[in-house]
Amino acid sequence: MTAYLLKRLAIAVATLVLASMVVFAVLEIIPGDPARLMLGMNASAEQVELLRNQMGLNTPLALRYLHWASGLLSLDFGRSYTYSVPVIDLVRERVVVSLPLALIALALSTLIAIPVGLFSAGRRGRAGDTIAMGAAQLGVAVPNFWFALMLIYLFAVWLRLVPSGGFPGWSVGVWPALKALVLPAIALALPQAAILARVTRSALIEVLNEDYIRTARAKGLPYRAVLWRHALRNAMIPVLTILGLQFAFLLAGTIIIENVFYLPGLGRLVFQAITQRDLIVVESVVMLLVAAVIIVNLLVDLSYAIVDPRLRSRQ
Amino acid sequence: MKLWKTILAAAALALATGASAFAARTDLVIGIPLEPPHLDPTAGAAAAIDEVLYANVFEGLTRIGQNGEVLPDLAESWTISDDGKVYVFKLHTGVKFHDGTDFNADDVKFSLDRARADNSVNAQKGLFAAIDKVEVVDSATVKVTLKNPQGSFLYNMGWGDAVIVAPETAGTNKEKPIGTGPFKFQSWAKGSSITLVKSDNYWGTPVSLDKAEFRIVPDAAAAVPALLSGDVQAFPFFDPDSVAQAQGDPRFKVVIGATEGETILAINNKKPPFDKLQVRQAISFALDRKAIIDGASAGLGVPIGSHMSPANKDYVDLTGLYPHNVDKAKELLKEAGLENGFKATLKLPPPSYARLGGEIIASQLRDVGIDLEIIPVEWAQWLDQVFTKKDYDLTIVSHTEPNDIDIYSRKDYYFNYDNPAFDKIIAELNLTSDEAKRKTLLGEAQKILADDAVVGFLYELPKVGVWDAKLQGLWENAPIQANDLTKVKWTD
Amino acid sequence: MTLRFDLPEENLAGILAKAFRNRSFLAGFVITALVAAVALLSYVWTPDDVTKLVIADKTLGPSPANWFGTDHFGRDILSMIMVGARNSIAVALVAVGIGMGIGVPLGAFAAVRGGLIDEALMRLNDLVFAFPALLSAIMITAIFGPGAINAIIAIGIFNIPVFARVARAGALAIWPREFILAARAAGKGKMLITLEHVLPNIVTLLLVQGTIQFALGILAEAGLSYVGLGTQPPMPSWGRMLFDAQTRMVVAPWMAIFPGMAIVITVLGLNLLGDGIADILDPRSRRQR
Amino acid sequence: MSLLEIGNLSLSIGGTPILRNIELSVSPGEVMGLVGESGSGKSMTALTIMQLLPWVARATGRVTFDGVDILAASEDQMCALRGDDIGMVFQEPMTALNPVKTIGEQVAEGIRWHTRASRADAEERARKMLDRVGLPSAQFPLSRYPHELSGGQRQRVVIAIACALKPKLLIADEPTTALDVVLQAQILDLLRDLVAENRMGLLLISHDLAVVTEMADRITILRHGEVMEAGDTARTLSEQLHPYTRQLAQASMHVPARAKTYEVGQGKPLLQVAKPLLQVERVTRDYPGRRTSLFKRSAPTRAVDNVSFSMISGQSVALVGRSGCGKSTLARLVLALDEPTSGAIRFRGQDIAGKSEADLKSARRDMQVVFQDPYGSFDPRQKVERLVAEPLHVLERKPDSAERREMVAKALHEVGLSPRDMDKYPHEFSGGQRQRLSIARAIITRPKLVVADEPVSALDVSIRAQILDLFAGLNQKLGIAYLFITHDLTVARAITDEVMVMHDGRIVERGKTSEVLDHPQSEAARALVTAAPDLHRAIARRLREQE
């Protein structure tokens with residue numbers, strides 16, 4: 001168990017280090033000079049050069065990487081070129097939108113998907129299954145931004161139940177803030193729920209064909225009890241894998257969804273920072289998202305070990 | 001059980017807030033496209049700062065009205081010495097900053113001295129360049145001595161960069177602005193909105209609104225549903241392309257005003273084949289301005305024939321010089337030896353006038369045999385590639401600075417245009433103060449640019465405001481980038 | 001997610017006969033073929049010229065002349081969708097090609113070599129997987145400039161580890177089989193065995209993954225074009241059409257509805273096709289019949 | 001009064017008839033053997049009794065258990081019966097247990113479900129039951145997970161689950177097929193004891209006539225979903241009235257005729273034979289241990305330990321041993337599919353250990369292989385012609401396509417298949433035919449040695465007899481030497497000249513087949529011989545008991 005976890009941890013750390021190098025390297029070759037951008041159309045070459053020096057853009061690449069990477073470790077991400085505030089402050093402001101959004105979406109998709117998957121697996125090949133899986137097929141096929149657009153016009157413009165976009169901040173109260181996240185969370189969650197429901201169903205069907213399910217049935221357990229006590233836990237591994245992948249997908253999905261709903265989240269921050277060539281912000285946020293993905297995958301690996309004793313006892 | 005109670009209570013609250021909309025409203029949500037980097041108008045050039053704070057939170061000695069006129073503000077009145085060098089401002093008394101401290105002549109001296117100091121971070125230090133010294137006569141009187149007379153001094157003092165701040169709070173205005181205006185700053189949800197509330201101790205006419213929220217709505221795609229759903233009640237700067245969504249809807253008022261934005265198809269004059277006059281003229285003939293305005297600006301916007309706003313008193317109508325004429329354009333290309341057409345690139349910055357206009361122009365130029373590859377660029381790349389490195393063939397951009405015809409005489413400007421005759425006129429213009437003479441010179445300058453077809457002159461960018469039909473008092477024109485809410489109220 | 005599969009015990013004719021009894025496959029095949037046919041048709045005929053802008057005809061509703069209405073430049077939306085289909089298909093197809101072309105040899109190689117090389121390749125895979133694909137695609141296209149080519153590369157890069165994983169898992173399932181031992185006993189080298197026995201046996205598996213990635217590619221291209229980083233005008237693209245539509249939902253909802261439906265139907269068709277293939281190959285579903 | 005009465009039972013699944021007019025009964029304390037070859041419907045009969053058939057199955061007729069009409073019983077009634085009054089043991093112990101639950105939970109679960117006992121009480125009973133099936137608490141606490149147990153131990157857990165509530169009827173569906181003979185004997189003993197202790201009825205399902213004969217009081221022989229013959233075990237098998245019964249019994253005891261045998265003189269050590277075909281000298285194969293931390297590995301596992309032997313041309317040698325004794329590893333080493341950690345392997349005097357494929361070409365030409373699984377040993381994507389021709393790859397001169405077809409046709413003919421089969425795919429053949437294909441592939445290069453790894457253990461008895469005849473015939477005709485790897489002593493007896501007994505990686509005994517099997521010297525060999533079911537012996541014993 002410890003060996004397994006240590007190995008996963010080592011891999012995670014190595015991936016993180018490699019990822020930071022890739023991010024840094026890719027972003028340093030971006031065309032477009034951040035100093036020129038900050039100073040605007042009328043600045044002279046000398047002024048630009050001066051700012052480049054101030055921003056440390058003229059020091060060697062390797063040094064800058066080391067400086068940046070060591071900063072990351074102490075949560076010092078540097079200062080944003082465009083906002084001229086510490087990046088960590090920006091991140092702190094934005095993460096309170098993105099993280100709840102991703103979590104709500106994840107919870108929503110899980111809450112929809114698992115029961116649907118259970119329902120369908122139990123009625124394999126019958127009408128209920130066909131309808132549920134048909135709906136799931138449709139859900140997988142719908143682009144989330146288009147779906148978001150439809151949601152906005154239906155629920156915000158026409159029915160006026162929820163705001164069409166924007167985020168009032170948690171300070172105005174939990175309810176208005178949640179209200180602002182309802183549509184984005186649905187737009188993010190439904191396509192994911194469709195995928196998850198399909199995976200849950202096929203994982204369950206696979207497990208239900210296993211010999212030990214027959215053993216459990218031969219014990220006299222009714223079908224329901226077998227499903228809940230024996231099948232579900234064994235089916236968790238593929239489901240957990242997909243959940244882990246979906247977290248990455250949700251984080252990325254928020255980029256477009258946050259733009260559609262103009263939510264001030266990390267996705268929007270990074271999108272704007274890319275267009276404004278605010279390298280420090282892009283590097284930091286991308287690293288943060290990558291780190292989140294890696295950590296979630298580590299957690300998934302860990303949960304495998306919790307679900308599956310075979311991994312636990314592996315020496 | 002408890003949970004249900006909470007949910008019910010929350011739902012009831014939501015209904016209550018919804019219901020209150022039927023009473024006379026005193027709150028307003030205004031959409032602005034960009035978030036200000038900070039909230040100190042004396043320390044940044046970003047228009048978004050003034051859009052939120054000017055006249056609402058901060059006030060200057062003078063202010064600029066919605067038609068561009070200079071009005072008294074914190075200065076109740078003023079006298080100007082005969083030589084035009086000494087201005088004595090009589091200040092309002094009983095004025096308090098939002099933090100409760102009194103406003104007096106010392107604050108004026110502090111603000112002006114701070115703005116013109118060597119280490120000043122003021123984005124428009126030029127406004128204060130003429131000031132020689134600022135003296136406090138008494139607590140309600142300030143004397144400003146200029147180095148030399150300056151006709152625009154009172155106008156300059158009306159800029160957002162010249163607002164009066166208190167010495168105690170000047171350092172923290174970026175995060176928590178403290179001014180003398182009718183609204184005081186309440187909160188800033190970063191990336192989302194800035195909220196102002198009515199200031200109780202305002203010295204002047206009290207405003208009708210209790211609360212004003214400036215919500216950052218970054219693009220038209222978000223602005224349209226925000227407007228239609230009633231989330232945001234006013235967009236003083238609405239994307240013209242989307243205006244059809246609100247036009248004809250009785251709930252909304254659409255106000256078309258003028259800007260100083262000449263929208264042009266900029267041409268790299270040194271890059272072959274654009275160095276040939278015939279080619280540039282052919283492009284001008286190929287352009288169908290009406291289609292461009294209809295397609296990219298919802299039919300709003302006045303065609304132009306040179307680099308001057310039709311609203312300008314010195315404007316000369318040259319739009320007849322290059323009517324839409326495909327045959328003529330083809331003929332000119334043939335003359336230039338390009339009867340088989342050629343390929344070029346068209347770099348487009350993000351605004352919809354450029355992106356939509358670019359598609360239309362590409363289609364129109366294709367009709368005369370010029371095959372354009374459209375390359376969308378972000379502003380950063382545009383500044384880098386087009387503006388700085390002049391690595392482009394064609395681009396579309398709106399030059400929004402007023403009276404900026406002189407850019408064509410700048411050496412090394414991105415048009416790569418070099419005409420000594422034109423430079424001479426501009427040089428002469430700079431030395432001329434006689435109105436009539438200036439008008440003649442400006443007319444000549446416009447004529448030369450049109451004749452040379454330096455760029456493809458398209459149209460004057462409209463200022464489109466859309467707001468709730470029950471809302472009154474918002475500015476219809478935009479002499480400066482500001483959202484003056486002092487006269488805004490809801491009617492029923 | 002690795003697909004569980006078994007080797008089909010039939011030849012091609014048997015598989016085909018089975019395929020056309022499978023509802024998923026049949027529906028998917030018909031839809032996909034239809035989309036492909038429409039895309040091909042657009043090369044020789046469209047109801048209207050999509051390169052010609054007639055501003056005067058802008059945002060006309062659906063009518064006998066323009067079945068799906070016109071867009072903000074007066075172009076026929078049906079024609080735009082037809083031409084857009086070939087763009088979507090081309091982008092997704094090439095991106096899948098990149099993913100397969102690089103990923104499958106890598107995965108097969110990792111399975112053959114095992115040990116450190118396998119470990120290194122799989123860790124490299126992990127690295128790519130750690131980057132949210134869409135975010136990275138946005139970064140790549142934003143850095144190197146928007147456009148179909150960069151979109152293809154950005155989508156393609158993230159297909160590589162997917163195919164590498166599937167190919168490796170498939171190959172690892174094939175290698176312990178006795179017929180591989182038999183081939184080795186017959187003196188065949190690992191390269192030859194990979195080519196003769198391993199790849200032909202995971203082809204169907206790759207095909208299933210291919211349809212999935214194809215569908216995802218179409219969605220990704222639409223997403224990138226929607227944020228303005230994918231296919232550039234004047235080439236029509238479904239995502240781009242949705243981008244143009246979103247500010248005109250009130251006056252021209254058809255601009256959003258029809259391209260959106262086109263995406264949904266195409267992706268649905270591909271997914272059904274993939275499901276159908278997987279069904280046919282799944283020994284359990286066969287046992288049921 | 002019978003415990004279980006099946007009358008006129010017919011079953012169809014999705015319209016395909018599976019069972020026809022089955023008649024069967026089991027009385028308390030009685031062992032009923034249900035015998036048949038694959039596809040005869042044995043397992044379906046068991047699942048019908050348990051009502052665990054897929055929902056598309058339709059059963060008609062009469063199944064009465066302890067007065068309950070099973071076919072008409074509701075799912076709730078069945079749940080009450082299953083695990084409480086009827087227990088069931090399955091064939092595959094490796095997959096029959098839920099991998100994520102402890103053995104304690106899995107045994108106690110049924111107890112708690114049926115008796116509503118408290119967790120502690122149920123665990124107490126589970127503990128006792130596990131003790132009873134031979135898993136004492138010291139070594140096998142309730143908190144063990146299935147993957148921590150061996151196959152035999154897991155089968156004991158499955159039996160504990162099935163017998164935890166002392167059911168009236170136990171159904172055991174091929175309970176020992178996946179185990180080696182020694183474990184098989186232990187599990188059969190356990191079942192026999194449990195039946196006797198609790199006066200349970202046992203329905204024992206098996207393809208192995210010898211196993212059933214040793215265990216069952218009465219026997220029912222099934223073929224293609226129909227009962228061929230039923231009756232007292234000893235009488236049925238000794239009289240062999242029904243032709244199918246006779247066929248089965250004879251196939252089970254079949255010994256192919258072999259005129260020539262290749263024996264080394266009595267007492268002459270095998271190693272010292274002149275001009276041996278194959279020489280294995282002091283060969284050891286270690287597998288690296290599992291990594292325990294980043295830097296440490298556990299001690300390596302020694303699969304083959306200092307093994308030496310040799311074979312001469314035309315000789316047929318059996319390598320027997322329990323599962324996991326290292327015999328398959330040794331086979332792979334001989335085939336140069338794996339490299340020894342130390343030691344030397346010489347084939348026709350040429351060293352083949354650790355050589356490159358190119359250097360091995362000539363050796364490969366003379367050395368071929370036949371695998372156990374007739375289904376897994378062919379690439380389903382290729383036609384017979386290519387598959388059978390695959391070893392031609394190592395020929396010095398590659399035959400052209402006409403020559404190739406000629407050679408394949410000849411090989412097919414030699415194994416009793418038609419040259420027309422060349423253009424078929426492997427799935428178009430039955431299991432026995434595929435094993436013929438396998439042999440055709442092995443002999444196409446006219447090898448001197450064929451290594452056969454359990455070549456008949458996946459086949460039904462009648463097919464097995466035919467394949468053994470084929471092997472024997474080819475040995476006589478072509479003079480091919482065989483290294484037969486098997487756990488089945490009847491196979492060894494039937495076809496080999498000499499036997500090597502392998503245990504824990506070592507060869508512990510070798511000698512003439514009949515001598516080793518009749519008078520085993522080593523403990524390992526003795527265990528194998530005593531545990532191996534033998535139809536002759538079993539019938540004899542039954543008859544004795546009845547007298």
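Which residues of chain C does UniProt place in the feature "transmembrane region"? The unreviewed entry gives residues 25-45, 89-112, 124-145, 198-220 and 251-274 of chain C. UniProt positions follow the numbering used here, feature names are shortened, and annotations may be inferred rather than shown by experiment. The model is predicted: local features need pLDDT of at least 70, side-chain atom pairs count only at pLDDT 80 or more, and totals for chains, interfaces and linings use all residues. Residues are numbered from 1 along each chain as its sequence is written, while chains are lettered from A and ligands numbered from 1 in the order in which they are written.

Residues 25-45 of chain C are 95% helix and 0% strand. Their end C-alpha atoms lie 29 Å apart. Helices (H or I, at least four residues) and strands (E, at least two) are DSSP runs, numbered from the N terminus. Residues 251-274 of chain C are 88% helix and 0% strand. Here the end C-alpha atoms are 38 Å apart. UniProt also lists "domain: ABC transmembrane type-1" at residues 85-274 of chain C, again in an unreviewed entry.

Two packed helices are described by the angle between their axes and the distance between the axes. In chain C, the axes of helix H5 (residues 133-144) and helix H8 (residues 190-226) come within 11 Å and cross at roughly 50°. H5(C) is therefore oblique to H8(C). Axes are lines fitted to C-alpha atoms, for helices over the stretch in contact, and angles run from 0 to 180 degrees between N-to-C directions. Angles under 35 degrees count as roughly parallel, over 145 as roughly antiparallel, 65 to 115 as roughly perpendicular and the rest as oblique. H5(C) passes H8(C) in a right-handed crossing. A crossing is right-handed if the near helix is turned clockwise from the far one by less than a right angle, and left-handed if anticlockwise. Leu134(C), Ala137(C) and Thr141(C) of H5(C) meet Ala220(C), Gly223(C) and Leu224(C) of H8(C). Contact requires C-beta atoms, placed from the backbone, within 7 Å. Four residues of this contact are nonpolar, two are polar and none is charged. Ala, Val, Leu, Ile, Met, Phe, Trp, Tyr, Cys and Pro count as nonpolar, Asp, Glu, Lys and Arg as charged, and the others, Gly among them, as polar.

In chain A, H7(A) packs against helix H10 (residues 223-260) at about 25°, with the axes 10 Å apart. H7(A) is therefore roughly parallel to H10(A). This crossing is right-handed. H7(A) contributes Asn144(A), Phe145(A), Ala148(A) and Leu149(A). H10(A) contributes Gly253(A), Ile256(A), Ile257(A) and Val260(A). The contact of H7(A) with H10(A) has six nonpolar, two polar and no charged residues.

Chain B has 12 helices and 19 strands. Its radius of gyration is 25 Å, close to the 23 Å that the globule rule gives for 492 residues, so chain B is as compact as a globular protein of that length. The radius is taken over C-alpha atoms, and the rule is 2.2 Å times the number of residues to the power 0.38. The C-alpha trace of chain B spans about 75 × 75 × 35 Å along its principal axes. UniProt lists "domain: Solute-binding protein family" (unreviewed entry) at residues 69-399 of chain B. That span is 24% helix and 27% strand.

How values were computed
Contact = placed C-beta atoms within 7 Å.
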